[in-house]
Amino acid sequence: MKEVRPWNAALYDSSLGFVSRYGQDLLQILKPAAGEKILDLGCGTGDLADEMTKLGADVTGLDASEEMISRAREKYPELRFIIGRAESFRAEEPYDAVFSNAALHWVKDAKGATESIWEALRPGGRFVAEFGGKGNVRLFASAIEEVLASRYDVDAAARNPWYYPSIGEYASLLEQTGFDVVFAELFDRPTPLGDEQGIRDWLSMFARPYFSGMSEEQTAEASEWITGKLTQVLARSSEGWLADYRRLRIVALKRG
Ligand code: BEZ
């Protein structure tokens with residue numbers, strides 16, 4: 001099994017809680033019905049799995065991170081959470097729906113993931129997902145890669161940990177796997193991070209693979225340079241700096 005980077009689950013909940021809040025819109029699209037078996041793929045600390053359970057669904061949360069799963073189990077001890085990777089898990093029983101919010105941009109083996117999702121669903125079952133799409137956090141990636149290349153001689157572009165497909169790329173992959181894609185949308189969703197500390201928290205939570213092999217001091221110093229660069233290019237609202245998020249939202253049905 002490939003190494004899974006440790007996640008700071010407490011920081012995820014305290015400073016980056018918007019991840020689950022934005023997932024509400026996707027729940028409206030999923031419309032979980034009472035009694036449906038739903039897999040929450042990349043469930044993080046379990047907030048959306050809990051919401052679906054409250055609507056009467058029978059939910060299993062799956063995440064590759066032990067830290068996230070142990071925090072989810074602490075927060076929601078009555079729910080079922082399991083550790084597993086999107087690209088390789090196999091479900092024991094078929095699900096009515098697979099739901100995934102803000103997780104699949106971490107899965108570079110997208111083919112593996114769509115195959116696992118297909119295997120997990122009953123015929124006619126739905127896959128409802130939202131994650132970073134083509135162009136997502138372009139300003140963040142550029143600032144990180146420029147600082148690491150110019151100041152630390154790191155080929156940071158080669159370390160880019162994210163997969164941000166276009167509609168065409170992802171819909172084709174789903175069709176090849178055996179899905180009918182019934183809805184797809186790529187849209188900008190500027191996401192408020194608050195003040196400079198919000199940018200630092202984002203980097204510390206999500207950009208760690210870029211800093212691999214660097215000491216804590218170097219990482220902290222590089223984060224300051226990157227934050228400085230980002231404050232020159234990011235837009236700002238009354239809620240602070242806006243991360244240049246662009247979402248890919250997709251609904252597909254397993255042919256059957
Ligand atoms: C996102 O939700 O778009 C995202 C989160 C973390 C890292 C990169 C992108």
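How many bridges join strand E7 to strand E9, and in which sense do the two run? I found two bridges between E7 (residues 191-192) and E9 (residues 240-243), which run antiparallel; strands here are DSSP runs of at least two residues and helices (H or I) runs of at least four, numbered from the N terminus, and two strands pair if DSSP finds at least two bridges between them.

I noted that this is a predicted model, in which local features need pLDDT of at least 70 and side-chain atom pairs count only at pLDDT 80 or more, while totals for chains, interfaces and linings use all residues. Residues are numbered from 1 along each chain as its sequence is written, and side-chain values use heavy atoms, with hydrogens and water left out.

Staying with E9, I saw that Pro192 stands opposite Leu242. I then looked up strand E8 (residues 235-237), which pairs with E9 in the antiparallel sense over three bridges, with Ser237 opposite Gly240, and a hairpin of two residues joins E8 to E9.

Next I turned to Asn136, in the loop between strand E5 (121-132) and helix H6 (138-152). Asn136 counts as buried because its relative accessibility is 5%, where buried means under 20% relative accessible area (1.4 Å probe, protein chains only). Beyond its neighbours within four places in sequence, Asn136 is in contact (heavy atoms within 4.5 Å) with Tyr164, Asp244, Tyr245, Arg246 and Arg247.

Last, I checked Glu145 in helix H6, whose C-alpha atom is separated by 9.0 Å from that of Arg159, 14 residues apart along the chain. Leaving aside neighbours within four places in sequence, I listed Ala156, Ala157, Asn160 and Tyr210 as contacts of Glu145.

Key:
Buried means under 20% relative accessible area, exposed over 50%, partly exposed in between (1.4 Å probe, protein chains only).
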